[in-house]
Structure formats: C-alpha cells, structure tokens
Amino acid sequence: MSRNDSKYFSTTKKGEIPELKEELNSQHGMRISLLYFHVLQDKRKDAVKKVIAAMTVGKDVSSLFTDVVNCMQTENLELKKLVYLYLINYAKSQPDLAILAVNTFVKDSQDPNPLIRALAVRTMGCIRVDKITEYLCDPLQRCLKDDDPYVRKTAAICVAKLYDINAELVEDRGFLDSLKDLISDNNPMVVANAVAALAEIQESSSRPIFEITSNILAKLLTALNECTEWGQVFILDALSRYKAADAREAENIVERVTPRLQHANCAVVLSAVKMILQQMELIISTDVVRNLCKKMAPPLVTLLSAEPEIQYVALRNINLIVQRRPTILAHEIKVFFCKYNDPIYVKMEKLEIMIKLASDRNIDQASFTFFQIAALSFAYPFNIVEHFFVLLEFKEYATEVDVEFVRKAVRAIGRCAIKLERAAERCISVLLELIKIKVNYVVQEAIIVIKDIFRRYPNTYESIIATLCESLDTLDEPEAKASMIWIIGEYAERIDNADELLESFLESFPEEPAQVQLQLLTATVKLFLKKPTEGPQQMIQVVLNNATVETDNPDLRDRAYIYWRLLSTDPEAAKDVVLAEKPVITDDSNQLDPSLLDELLVNIATVSSVYHKPPDAFVTRTLSSAQKTEDDDYPEGSEIGYSESPANPANGFTSPPSASFTARASVAPASPPPTPPVPDLLGDLMGTDNGSIVPVDQPATPTGPPLPIVLLASTGQGLQISAQLTRQDGQIFYSMLFENNTQVPLDGFMIQFNKNTFGLAAAGTLQVPQVQPGTSVRTLLPMVMFQNMSQGPPSSVLQVAVKNSQQPVWYFNDKISFHVFFTEDGRMERPTFLETWRSLPDSNEVSRDFPGIVIGSVDATLDRLAAANVFFIAKRKNANQDVFYLSAKIPRGIPLLIELTTVVGSPGVKCAIKTPSSELSPFFFEAIETLLRS
Amino acid sequence: MILQFFVLSQRGDNIVYRDYRGEAQKGSAETFFRKVKFWKEDAEGDAPPVFVDGVNYFHVKVAGLLFVATTRVNVSPSLVLELLQRIARVIKDYLGVLNEDSFRKNFVLVYELLDEVIDFGYVQTTSTEVLKSYVFNEPIVIDAARMPPLGPASIFMQGSKRMPGTAITKSVVANEPGGRKRDEIFVDVIEKISVTFNSSGFILTSEIDGTIQMKSYLTGNPEIRLALNEDLSIGTSDYRGSGAVILDDCNFHESVHLDSFDVDRTLSLVPPDGEFPVMNYRMTQPFKPPFRINALIEETGSLKAEVTIKVRAEFNSSVNANSVLIQMPLPSFTARVNFELEPGAVGHTTDFKEANKRLEWGLKKVVGGSEHTLRAKLTFSQELHGNIMKEAGPVKYLQIAKTSKTQNPYRWVRYVTQANSYVARL
C-alpha cells in the first residue's frame with residue numbers, strides 16, 4: 001500500500017465540502033458486486049480521511065455530519081474508528097443528529113469482536129450529549145461484566161466518563177459497586193483502570209466512595225506486581241492515601257513497595273518514594289528508617305540521569321525531601337554538581353539542593369584536621385579519595401558564562417557562610433578572591449552577600465572592608481550600591497575615609513534609585529553620630545536638604561524629617577535609635593514553612609511538588625461538578641466547602657474568634673444560626689470556593705440613612721440594589737436595600753462575596769423576604785473578616801454577587817469603606833502611644849496632605865472621630881498650627897497612630913500615620929479623609 | 001488527568017491535537033507556544049518543563065518537535081513527562097522516523113495510536129507490542145535516505161539519547177519492500193560519560209550513565225538471553241576484585257526476568273516489538289578517561305595572548321573517536337583569533353564564534369593513542385584584567401567497537417560512547 005495521507009490536505013478548485021459530500025455518498029444506494037465492494041469501501045475510507053484531515057486543521061466540516069454517520073455501519077474497523085473520531089468532535093454541536101448514531105453504537109456494543117464492543121463504549125462515553133448518555137447505561141452495564149479484559153478495562157474508564165457527565169446516573173445504576181468489584185478482577189490492567197476511575201470519582205465527590213480498607217490494600221499490593229508501569233503509578237498514588245494502622249503495617253507496606261524503586265519508569269520510582277516516605281512517618285525503628293533512606297538514595301540519584309525535564313521534576317521533589325530527611329542524600333552531594341550541558345533550569349535547582357546539603361563535612365577541605373580526615377577515610381572510603389568540596393565547586397560556577405547562574409553561585413557561597421559558622425571564614429576568602437577578578441556582576445553580588453555575612457557574624461570579619469571599598473566605583477546596581485553604603489555607614493568608625501567614600505555618592509544623590517537614597521540618608525546619619533565633626537556635619541546638611549526639599553519620594557522625605565527632628569531635639573536619643581544593635585540573622589532563605597512543607601511532602605510526585613505550592617493554589621474545580629451541586633438544590637451536609645480549601649491561606653492568620661458572632665446573635669436572637677457555606681456555581685464563577693451563600697428566610701426591617709447605589713435598575717433588569725458597609729455595636733454589617741422595579745415578585749435572594757483583601761464574608765443569613773413589584777426591602781447582613789483572604793496587593797474593592805430565583809446572577813463592585821474596621825478598643829494611653837510610636841521603624845511612617853479639608857470646630861471633629869472609633873490622645877501647639885494625636889485599632893490588634901497638623905479654621909490638614917501594617921496606609925488615609933469630611 | 005495532547009512544530013504549527021476530556025479551552029496550544037518561545041528574551045535558556053496558566057503544561061522536545069500535554073489536576077508530572085517520551089517512541093516505532101513530514105503523512109495512524117494510548121486522560125499502554133493488536137492503519141514509511149541529513153531539527157538532537165544518523169529508521173510494523181521481514185536484532189550499549197578535571201588535571205568527578213537499548217525485528221518473539229560482565233556488582237559493596245565493575249544503581253525494563261541475574265549475571269527476556277531500554281545503569285567507579293586535555297595560556301603582548309590546546313586520546317589504537325568537538329570560552333573582549341594547526345592535520349575545523357565568544361575546534365576522527373595540538377592567537381580589544389578563562393570542552397565521540405554477525409538471525413551489537421559533560425577546568 002503506498003497511500004499517502006498528506007494528499008488529503010490538498011485542496012481542490014471546486015468547493016471542498018460539496019465534493020467531499022459527493023464522495024461520501026457516491027456508493028450508497030448502488031447495487032454492487034462483492035469485488036467492487038472493497039474498492040468502494042476504500043474510497044469511502046479515503047473520503048472520511050479527507051474529512052478528518054480538514055477537521056484537524058480547524059475547518060468546519062460539521063455540515064457533513066449525516067453523510068459521515070452513514071458510513072458508520074461497517075465491519076471495517078479502520079473506517080469505523082475514523083467515523084467515531086469525527087463523531088466525538090461534532091456530536092456536541094449536532095446533538096439532534098448524533099442520535100442517529102445511537103442504534104449503531106448499541107449494536108456495536110454487542111458485536112462478537114471485543115475490539116468493536118470496547119470501541120463503542122469508549123466512544124459513547126466521549127460524546128457528551130444527554131440523548132447518547134441515556135443509551136450508554138445498558139451497554140456499559142454489560143461491558144463491565146464482559147469476558148474480554150480489554151472491554152472491561154475500557155468500561156471501567158467509561159464509568160469515570162459517565163460520572164463526569166451525570167454523577168447521579170452512575171450512583172443510581174450501581175456502577176460504583178461494579179467498579180469496586182473490578183478491583184478484584186484477575187486482569188491487572190482492569191484493576192488499574194478501576195482504581196484510576198474510582199480515584200477520580202472520589203476526587204470530585206464529597207462522600208467517601210473509594211475508601212482503602214486493609215482488604216483492598218492487600219489486593220492492590222498484589223496487583224501492583226503484575227501491572228503495567230502506568231497501572232503501577234495509578235495504584236501507588238491511590239494507596240498513598242492509605243493510613244497504616246501501626247508501625248508494623250507500615251513496614252509491611254514499605255516492604256512490598258520497595259522493589260518498585262528499581263523500575264525503569266521514573267514515574268513509578270517517584271510514586272514509590274512518595275509512598276515509602278509517607279509510611280516512614282509511622283515507623284519508629286531507627287534502623288528500619290536508616291535502611292530505607294539508604295535504599296531510596298540510589299534510585300533518586302538515578303532520576304538525574306533521565307531527560308532534563310524529568311531531572312527537573314526530580315530535583316524539585318528532592319529539594320522537598322532533603323528538607324525533611326537530609327540524611328537520605330547527605331553523602332551524595334556530588335551528584336548535584338552541575339554538568340556543562342545541563343539546561344539552566346536544572347543547574348539552578350541543583351545549586352539550591354547543594355546549598356541545602358552543604359555541611360561542615362563537605363563544604364571545604366580546610367575545615368578538617370588531619371585526624372578527622374583519617375577518621376573519615378575509614379567511614380567513607382570513596383569520598384576521601386576525591387576531595388569533592390562544595391565551596392570550590394561554587395567558586396568554579398561563579399566564573400561561568402551565564403550571568404544568572406553566576407549570581408546564584410555567588411549567593412550560594414554567601415548562604416553557606418551564613419549557614420555554616422565553621423566555613424564562614426573560607427567562604428569569605430573565596431568571595432574576596434572572586435571580587436579580585438573584577439567581573440562587575442560578580443563583585444556586586446558578592447558585596448550583597450557579604451553585607452548579610454556581617455549581619456550574621458557581627459564584629460568578626462570587618463577587616464575585609466578595605467578590600468570591599470576598592471570596588472566602590474564599579475558598583476552600578478542599586479542593591480549592591482545600597483549594600484555597600486550600608487556597610488560604610490554601619491562601620492563608619494572603622495573606616496578612616498568613610499566620609500570621603502560617602503561624599504563620592506552624594507553628588508549623584510538626586511539621580512539615585514530610592515533604595516540607594518534611603519541607605520545614603522541612614523549611612524550619613526550614622527556617620528555623623530559616630531564622627532560628629534565638621535565634614536559629616538556638612539554632609540548631613542546636604543543630604544537632609546536633598547531628601548526633604550528636593551525629593552518627591554514620601555518615604556525618603558519622611559525618614560529624613562524624622563532624623564532631622566531626632567537630631568535637632570535629642571542627639572543622644574538619635575544614637576539610641578539609629579545605632580541600636582541589630583538582631584543577628586540566620587539563613588532561612590528558600591526554607592519552606594513547616595506546615596507547607598508537610599503538605600507538599602504529602603504531595604510528592606505531583607505537580608504541587610514541582611511548583612512548591614499546595615494543590616488548591618492552582619487546581620481549579622471543574623464547572624461540571626459544581627453544576628451538579630446547584631442542581632441538587634443546596635443539599636445538606638456539604639461541609640466540603642470548608643474541608644477543601646483551608647480557611648487560612650499561607651499568610652498564617654487564624655480565623656477570628658467567634659466572639660463577634662455570638663455578640664450579634666444576642667442582639668438578634670430571632671435569626672437562625674448561620675448555616676455552613678455551600679459551594680456553588682456562583683462561587684466558581686467568582687473564583688472562590690469557600691464563600692457563604694445563605695438562603696433567605698426572614699424579613700428584616702428597612703430603616704436608616706440612604707445608601708449608595710451599587711446596582712442600577714437599568715443594569716439589574718429592574719432590580720436596584722444599594723449597599724454600604726457599616727459598623728454597629730462592634731460588628732460590621734452590610735447594609736443593603738433591594739428595590740424591585742420589575743413586574744414580578746422577587747424572592748430567594750442569596751449573596752456571596754468574592755475573596756478580598758480583608759477576607760470579608762457574610763456571617764449570617766441574608767434576610768430578604770419576597771420583594772413585591774414596586775416595593776423595597778432593607779436588610780442588615782452581619783459580616784465577618786479574615787474568611788476568604790485574597791492574595792496580592794491590598795485593594796479596597798469588594799466584589800459581590802447577588803442572586804434570586806427569578807433573575808440571573810448580578811455582580812457588582814463595592815468599595816470597602818475602611819473606617820468600619822476601626823474597633824471600639826482603639827483608645828490608647830499616652831505612654832502606650834509614645835512607646836508604640838517609638839517601637840515602629842521610621843519606614844512605617846507615611847504622611848499625606850488633605851488640602852481641601854477645614855477643621856472648623858475641634859470638639860465636633862473629635863467627637864465625630866470618636867464615634868468612628870478614632871480616639872483623641874493629645875494635642876500640642878506648634879507655632880500657629882495645632883497638632884493632634886489620635887489612635888485607632890483594627891482587628892487583630894493592629895494599632896494605627898495618627899498625627900494631624902492643621903490651622904484650625906483654615907483649609908489644609910497634614911496627616912501622618914504610623915502603623916505596623918504600612919501596606920494598608922492608603923486605606924487608612926482614605927478612611928481618615930472620609931471621616932474628616934463627613 | 002491529561003486534558004489534551006498535542007504536537008507542535010518548531011514554528012508552533014499544530015501537527016497533532018487531541019482533546020481527551022472535552023473541556024479544554026480554545027487556543028491553549030497557542031498560549032503554550034508563546035510561553036515557551038518567549039520564555040527568555042535571549043533565547044538561550046529552555047523553558048522548564050512545567051508551568052501553570054490555569055492549565056498546567058508539560059512538554060518535552062523530541063527530534064525538534066514539541067510534545068505537549070496539559071492537565072488541570074494535580075497529576076504526577078514525571079508520569080506525564082515519561083509518557084510524552086514514550087508516545088514519541090511508540091510513534092517512532094510505527095513511523096520509522098519522527099518528523100513533521102512523517103506525522104502529516106500518517107495522521108490517521110497517529111490518531112488511532114493516541115486513542116489507544118490514552119483514554120479519558122488515563123494512560124492505557126505505551127507498548128508497541130500491545131498496541132499492534134489494536135491498531136489497524138499501516139504506516140506510510142518515508143524514505144530516510146531522502147531526508148536531509150542535518151535538517152534544522154538536528155540541533156535539537158544534542159544531548160538526546162539517540163544520535164543523528166545512528167538511529168535505525170525502520171518501522172516495526174511496516175513490511176520491507178522485498179516482502180519477508182528480515183530477522184534482526186539490534187543492541188546498542190550507549191554510555192554517556194561525564195568527567196570534570198580540575199586545573200591540575202586531576203579528575204574531580206566522573207560518572208557513566210549507561211543504557212542497553214534493544215530493537216528487535218525477530219519473528220516469533222523468541223526468548224533472548226543477555227549475558228553481562230560476571231564481575232558486576234551493584235551498590236557500594238565490599239567486593240572489589242580486580243576488573244570488577246561496580247554499578248551504583250541500575251534498573252530494568254519490565255519485560256526482563258532477573259531470575260538468574262544474581263547467579264550468573266544473565267538477563268532473560270522476550271523482547272517486545274519496538275525500541276526499548278533493557279537496562280539503565282549508573283556508575284561512579286573511577287575509570288580511565290578517554291581524553292586528556294591540556295591548555296596553556298600565555299600573554300604575548302599588551303593586547304595579545306596565545307592559547308595552546310593539547311588533546312590526547314588515551315584509548316586503544318584500534319578504536320576511533322568521531323566528531324570530537326572542543327570548545328573554549330574566551331574573554332568577552334576578544335576581538336580576533338588566528339588559528340594554527342599542527343602540520344598535516346586532516347579533517348580539523350577551527351572557528352571563533354563571535355556571538356558567544358567561544359573557540360571551537362572540531363576533529364572529525366581521532367585515532368586512539370594520538371595527540372593533537374591547536375595554537376590560537378588571541379587579540380583583545382581591551383586590556384586583559386583578571387583571568388576568567390577556563391575550558392569547557394564537550395567532547396562528543398563515538399566509537400564502534402565491533403559489529404558481530406552470525407548466520408541467522410542477524411545480531412548487531414554496537415558500543416557507543418558519548419560525552420555528556422566532559423569538562424576540563426583551567
């Protein structure tokens with residue numbers, strides 16, 4: 001046969017679709033001889049191939065649907081497969097025509113040829129059209145009990161397909177039980193597919209469907225030995241959920257799994273490693289653990305001989321494993337040495353692992369005494385011969401070509417110095433050698449890490465400062481410059497010409513990036529405090545002038561003012577503040593948070609372990625399963641919403657105490673206790689999976705001042721919503737007004753809030769009765785904070801979705817008025833205020849001018865502020881200006897210190913604030929401005 | 001599980017596209033390609049194999065083609081990456097050669113294969129042997145001889161397990177034009193060497209990654225026994241007799257029976273159709289490196305230097321090394337390089353790669369025991385300060401030790417050694 005499929009891609013002059021139609025139909029209705037039949041069949045096949053070819057290049061050939069389906073009734077498997085391929089693609093767009101194929105499907109599912117039976121079931125499962133699905137159940141039932149294992153294994157996967165389309169049908173027809181029976185099948189391929197299908201169904205279901213009992217465990221462990229490599233991965237991954245009862249059982253499991261480490265398939269090896277690591281947590285015997293570690297090391301290392309892509313995955317996993325069990329690869333650091341031809345992403349990962357494995361034993365030759373070497377050579381006969389030393393290796397990398405890699409290598413040396421006290425001195429001398437090479441980016445990177453080394457070992461290595469200063473004029477990167485300036489300022493008393501060095505930077509002060517300017521400012525102040533002579537005095541004048549008058553950077557200006565004030569009022573206090581002792585740092589860079597590490601270790605050998613992110617950070621739940629939930633009319637017991645996504649994301653906040661909750665309940669005892677949130681279509685649309693949809697059941701009383709409109713009647717098809725966040729009796733409420741301008745009564749209101757910076761979510765039920773046409777209903781929805789915190793930069797946007805039984809879902813954005821967060825306990829005593837102000841770093845102070853605001857009556861303003869939980873502390877006069885000090889507090893006890901400067905009665909208020917959460921400053925300003933204006 | 005599978009050409013064209021779960025977004029292939037292509041502006045670095053964009057993309061590059069799979073769930077990435085490699089291998093088994101042309105000519109077959117390999121995103125089988133009973137299309141084999149020997153794709157072959165020109169370009173299912181199939185079996189012992197010498201010529205690290213590859217065209221699938229070196233031991237055992245070979249670790253293909261492995265180091269297997277690795281092994285036992293490289297750098301003037309590179313082949317004179325390439329990074333301010341080869345040198349090429357400032361010296365053939373020298377005069381555009389010169393030489397060589405041939409069937413055993421990372425530091 002010398003056919004050539006590529007000819008199907010050629011186009012003809014005549015319209016392509018009509019021509020194909022002709023070819024597909026030419027033979028129908030003709031009386032033909034048997035001999036001619038084969039010729040015709042080939043011709044049909046060719047025609048269908050052309051159609052498929054057109055389909056794959058993205059042409060729309062759906063108009064040929066009927067013609068192609070007519071070719072389906074054939075004994076020729078090749079042709080049949082082609083038609084099925086077409087059907088899968090177009091059935092969705094032609095559901096009415098797809099029904100034409102049902103008869104053939106059902107017939108095929110009883111064909112004597114097992115391949116055709118399997119093909120029919122496989123294809124039907126891929127056609128996501130309800131009418132076809134209805135007809136799938138009977139054939140599927142039969143095929144699950146088929147004599148041929150190929151049919152059974154195809155049917156097993158088909159159950160998962162059906163569950164994805166219609167979960168209820170699967171449960172009603174008892175397919176889950178049939179699937180569980182297949183776990184005991186005598187064909188390992190069938191077992192593997194049944195396990196894969198059950199695992200997937202479990203994943204999208206809230207009920208326990210696939211629980212691994214010790215009985216199933218035994219069966220699967222047996223099947224493991226006979227399975228194909230892929231089946232082994234399915235089974236191992238499913239079994240990794242199994243929690244062994246005791247150390248004994250864990251040891252037994254591990255024993256059965258260990259031979260998998262010898263498999264040539266990397267996926268099998270990694271899944272086996274995962275399983276062993278998990279069971280190891282239960283094993284008490286240190287001998288067994290040590291032995292297991294020894295067994296796991298060679299296969300893990302062998303993964304590094306695979307393709308670079310797999311190496312990368314292996315390295316990301318090893319990175320996690322060595323954080324928990326450093327002993328596994330402690331003696332293998334050499335295998336992570338970078339190869340010349342490794343892709344850069346592999347090199348970077350290797351470097352990271354080398355830093356993690358670096359120890360006093362392998363970092364450097366010089367840290368050993370002769371006797372230690374002698375002792376080592378008994379323990380590790382191979383290692384000592386080769387004298388591999390990580391530090392030298394890093395030094396070598398630092399002279400490579402790839403700039404990014406070089407930088408990372410230099411940083412690695414610094415991190416080793418910080419990590420290993422005994423090696424620090426050698427690390428520093430290597431860094432100095434590198435500096436002497438005078439390659440610009442190496443020098444700069446080295447200076448950055450040396451600054452950290454100084455922080456880690458104060459008063460130890462300052463002798464090298466002179467060498468560092470030689471490279472001063474080559475620095476052009478902000479971070480390196482800032483680091484160098486920090487060093488000069490910090491050690492000004494030891495550097496004879498510190499003033500000259502700093503002075504050289506001053507000329508270009510206005511052009512420097514902010515980072516450098518800030519360091520220059522601080523360094524000059526330090527210099528002045530340490531050497532209060534004429535030179536530094538002049539310099540400080542220049543710098544302060546530059547940093548206050550000439551700059552438009554508020555951070556810089558504020559810091560300069562603070563220094564200025566400090567220096568002019570109390571130079572001794574300035575010394576205490578500026579030259580205070582700094583805490584010693586440690587190397588915790590790239591160390592994962594222990595709880596995150598725990599979660600990631602459970603997810604070894606998954607995508608999660610490559611990203612080093614928990615699965616729910618990137619796995620989005622599919623729409624189909626959410627749809628089902630909604631169809632179910634919010635069933636009870638769907639606590640799944642809680643269990644699936646931890647309420648407290650990585651930022652480590654804990655959920656707020658329920659005090660506010662109970663307080664509210666006592667205010668309004670009539671309302672029912674809040675129901676647990678239900679995952680729902682609404683939530684998925686908005687990207688949340690833990691929102692609070694609350695059904696409406698009780699009316700609320702409409703009162704209060706007018707609210708801003710958030711959803712216009714024109715947008716909401718007649719429904720107008722006004723809403724605002726308010727604070728009453730120590731509780732935040734969402735005050736809402738629903739106006740029904742439609743012709744029909746609206747009911748069944750529900751509300752949901754998208755993730756937001758402050759984690760605002762509904763704490764109770766949205767109580768809106770049926771809203772008759774032309775009327776309005778007002779309600780107060782209690783809110784809680786820190787429920788569903790969004791990541792990313794803080795934002796005051798609150799995205800809300802409202803739904804009722806008559807209309808589509810409405811989305812609108814509201815602005816969070818920040819002052820509702822100010823708590824009632826925000827009052828501070830004067831000493832506390834002063835202490836807090838001092839304890840916060842200068843960089844946390846920010847200020848802003850409100851030029852349009854006039855404070856007419858001091859008392860009225862202060863009363864108004866106090867009503868909003870912003871409390872007056874003290875007042876002082878500064879020339880003709882009044883300076884007010886106030887305090888407030890937001891939940892979690894975060895204080896906010898405010899200084900207002902104004903001339904009473906004339907426009908313009910300067911507001912300076914200081915708070916530990918300086919990222920929230922814009923919101924504070926906004927809130928204060930609102931309060932002052934109102 | 002796996003959402004989609006697709007194969008893209010170097011230009012980003014969709015060659016094959018299969019959506020397994022009917023929930024894929026449109027244009028994900030395009031999104032992916034843009035991401036890979038613009039991963040790094042300087043185009044030097046390859047994109048790492050996984051990244052997220054709502055869907056997770058996995059990809060491997062085989063023969064210049066991008067094999068991509070996507071997923072939405074937390075799958076095993078090594079499974080997907082391994083699978084992509086296997087799919088490429090299965091398709092190659094069927095088509096004989098793997099390139100855009102053969103894909104286009106056989107797209108129906110490829111789709112048929114893909115449907116059997118993956119169902120609803122779950123891997124079913126990647127064994128060419130098993131697939132043969134479910135797949136009915138026959139491949140249209142394109143003539144390997146007509147292929148351009150070093151197409152643009154060949155630059156991607158570097159570092160892959162198979163070398164251009166050495167791969168057997170014959171389909172396992174297609175019949176020979178002459179009718180009857182020939183009984184043949186090919187065994188390749190491929191060893192990749194990594195050696196790092198320090199500046200004084202001592203070996204810092206050395207490692208061998210080995211694979212025994214087999215490709216069988218035997219009819220009737222008879223059982224085969226493969227005998228390995230009897231002095232082989234695995235793991236760092238205490239047994240260290242002379243001539244012993246100590247493997248750090250090894251693993252075997254699933255068709256291999258290890259019943260008598262512990263007794264007499266023989267493997268028995270019924271080779272399935274298609275190409276597959278019988279055994280992978282790794283050893284760090286010290287061995288004699290095949291090449292020694294010396295480089296001498298002299299400053300000969302204010303803006304001039306002379307580099308002398310000496311390479312010595314320290315292996316038996318009956319063995320030849322082919323296509324040896326020595327590279328040496330030069331300072332970035334190198335303006336010009338004049339090369340001076342030894343008199344009578346044949347088949348040597350020298351080049352100064354202006355773009356990445358690298359000196360390249362190619363030797364077509366190096367006979368065992370011979371020594372070659374290259375002198376290069378460098379001219380700098382700027383004062384030389386510091387000394388960041390070092391040598392990184394990936395020496396790619398290939399030695400064919402023996403081609404044994406008995407009457408019937410034909411047994412082709414070939415020993416290939418390649419350089420993985422062969423670096424001499426200065």
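Colleague: How far is the sulfur of A:Cys416 from the closest cysteine sulfur, and which residue holds that one?

Modeller: Keep in mind that this is a predicted model. The general idea: a disulfide is a covalent bond between the sulfur atoms of two cysteines. Here, the closest cysteine sulfur to that of A:Cys416 sits in A:Cys427, 5.7 Å away, which is too far for a bond. The cut-off is 2.5 Å. A:Cys416 itself is buried, at 0% relative accessibility.

Colleague: What about A:Cys143 and its closest cysteine sulfur?

Modeller: That one belongs to A:Cys158, at 8.2 Å, again too far for a bond. A:Cys143 is buried, with 1% relative accessible area. Over all chains, the disulfide count comes to zero.

Colleague: Now the tyrosines. Is A:Tyr457 buried or exposed?

Modeller: For this we look at relative accessible area, and buried means under 20%. A:Tyr457 has 5%, so it is buried. You'll find it in the loop between α26 and α27 of chain A.

Colleague: Which residues does A:Tyr457 touch?

Modeller: Leaving out residues up to four places away in sequence, its contacts include A:Ala417, A:Ile418, A:Glu421 and A:Glu462. Its side chain also reaches the backbone oxygen of A:Ile418 at 3.4 Å. A:Glu421 is 36 residues away along the chain, yet the two C-alpha atoms are 8.6 Å apart.

Colleague: And where is A:Tyr135?

Modeller: Look in helix α8, residues 130-144 of chain A. A:Tyr135 is partly exposed, at 42% relative accessibility. Together with A:Ile99 and A:Leu100, A:Tyr135 makes a nonpolar surface patch of about 260 Å².

Notes: Residues numbered from 1 in each chain as written. Chains lettered and ligands numbered in written order. Predicted model: local features only at pLDDT ≥ 70, side-chain atom pairs only at ≥ 80, totals over all residues. Heavy atoms only, no water. Patch = residues over 30% accessible without salt bridge, like charges linked within 9 Å, V, L, I, M, F, W, Y side chains within 5 Å. Areas by Shrake-Rupley, 256 points an atom, 1.4 Å probe, with all protein chains shown as cover. Salt bridge = Lys/Arg side-chain N within 4 Å of Asp/Glu carboxyl O. Helix = DSSP H or I, 4+ residues; strand = E, 2+ residues; numbered from the N terminus. Buried < 20%, exposed > 50% of the residue type's maximum accessible area, 1.4 Å probe, protein only. Contact = heavy atoms within 4.5 Å. Polar contact = N/O pair within 3.5 Å; in protein donor to acceptor, adjacent residues only side chain to side chain.
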